[in-house]
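I opened this entry to keep track of what I looked up in one protein chain. The notes follow the order in which I went through the structure.

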Amino acid sequence: MLPLFPLGAVLYPGMLLPLHIFEERYRQLVRDLLEGSDPRRFGVIAIRKGRETGIDGVHSLYEVGCVATLRRVEQLEDGRFDIITVGTQRFKLLSLDETRPYLQGRVEVLDDDVADQVAALPLVRTVQTGFRGYLDALTEWGGATVRIEELPDEPTLLSFIVAAAMIIDLTERQGLLAEPDTLRRLNMQRALLSRETAMLRTTTSRPAPDLRNTPYNPN
């Protein structure tokens, strides 16, 4: 059983997620985590239908989420929290429990396949090149300024970094998280990078802002 934090965003393993906690139900979640022992974990899962805040805001959730481990907590004078978490493992949501102020879920932790790094290297190089081209197109077009000195050669880590950085819609983000095969995820990204780079270089309108880059999620 895992406490759940539904969001209008997707968390990937290895990625940082800062959160500003102000709703009482999620303050209680953080307090419960702090009263427990390490590792202090909860599940971040994307909202399929509904919204993050308010009573009965969440109507349905996606099936696959990511375990978030609490790394840093700052409690504010009025009881709110600023927290830093990091994604660890993907999970599949099996059932919901609504007996506490916040949702809990019975989950199955999903193992990621271990791709053969040598065999995957040609695809890794293609995605690395496509990702750099995508970032260059964003910079030239004025959508972002991103500098990455070095991208990892490890296929799974690379796939999650690229997924987290791309400006794509929630359905596509969720599809990348749910994909259990690293090479298939990289192939999906190769196609997405090609499409998004071409669109950036031909369109005259700005992309939707990537709200993951704001200091804190509104929850």
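**Entry 1: the chain as a whole**

I began with contacts, where contact means heavy atoms within 4.5 Å. Among the contacts in the protein chain with a separation of 6 or more, 69% are between residues 24 or more positions apart. I note that this is a predicted model, in which local features need pLDDT of at least 70 and side-chain atom pairs count only at pLDDT 80 or more, while totals for chains, interfaces and linings use all residues. Residues are numbered from 1 along each chain as its sequence is written, and side-chain values use heavy atoms, with hydrogens and water left out.

I then listed the secondary structure, taking helices (H or I, at least four residues) and strands (E, at least two) as DSSP runs numbered from the N terminus. The protein chain has five helices and seven strands. Read from the N terminus, the order is β-β-α-β-β-β-β-β-α-α-α-α.

For burial I used relative accessible area: buried is under 20%, exposed is over 50%, and partly exposed is in between, with a 1.4 Å probe and protein chains only. By that rule 45% of the 219 residues of the protein chain are buried. I also looked up the accessible surface (Shrake-Rupley method, 1.4 Å probe; for residues, only the protein chains shown count as cover). The total is about 11500 Å², and 51% of it belongs to carbon and sulfur atoms.

**Entry 2: the cores**

A nonpolar core is a set of buried Ala, Val, Leu, Ile, Met, Phe, Trp, Tyr and Cys residues joined through side-chain atoms within 4.5 Å. Which residues touch the most other members of the largest core? I found Tyr12, Leu19, Ile21, Phe42 and Tyr134, out of 50 residues in that core. Helix H2 (residues 117-141) gives this core its largest share, ten residues. A second core of nine residues is separate, and Leu4, Ile45, Ile47 and Leu93 are among its members.

I followed Tyr12 further. Not counting residues up to four places away in sequence, Tyr12 touches Cys66, Gly87, Phe160, Ala163, Ala164, Arg173, Leu176 and Leu177.

**Entry 3: helix H3**

Why is H3 described as largely enclosed by the rest of the structure? I counted burial: eight of the eleven residues of H3 are buried, so the helix is largely enclosed. The buried ones are Pro155, Thr156, Leu158, Ser159, Phe160, Val162, Ala163 and Ala164. The cover over them includes S6, H2, H4 and H5.

Next I looked at H3 (residues 155-165) against H5 (residues 182-202): their axes come within 9 Å and cross at roughly 35°. Axes here are lines fitted to C-alpha atoms, for helices over the stretch in contact, and angles run from 0 to 180 degrees between N-to-C directions. The crossing of H3 and H5 is left-handed, meaning that the near helix is turned anticlockwise from the far one by less than a right angle. On the H3 side the contact is made by Pro155, Thr156, Leu158, Ser159, Phe160, Val162 and Ala163, and on the H5 side by Thr182, Arg185, Leu186, Gln189 and Leu193.

Ser159 is buried, with a relative accessible area of 0%. Leaving out residues up to four places away in sequence, Ser159 touches Thr182, Arg185, Leu186 and Gln189.

**Entry 4: other residues I checked**

Ile167 is in the loop between H3 and helix H4 (170-178). Is Ile167 buried or exposed? Ile167 counts as buried, because its relative accessibility is 19%. Ile167 and Leu193 are 26 residues apart in sequence and 9.9 Å apart in space, C-alpha to C-alpha.

Ala46 is in strand S3 and counts as buried at 3% relative accessibility. Beyond its neighbours within four places in sequence, Ala46 is in contact with Leu7, Ala9, Val10, Leu61, Tyr62, Leu170 and Gln174. Ala46 and Gln174 are 128 residues apart in sequence, with 7.6 Å between their C-alpha atoms.

Thr88 is in strand S6 (residues 81-97). Thr88 is partly exposed, with a relative accessible area of 27%. Apart from neighbours within four places in sequence, I found Thr88 in contact with Pro13, Gly14, Cys66, Val67 and Thr69.

Last, I noted a cis peptide bond joining Asp38 and Pro39, with omega about -5°. Pro39 is in the loop between helix H1 (24-35) and strand S3 (41-50).
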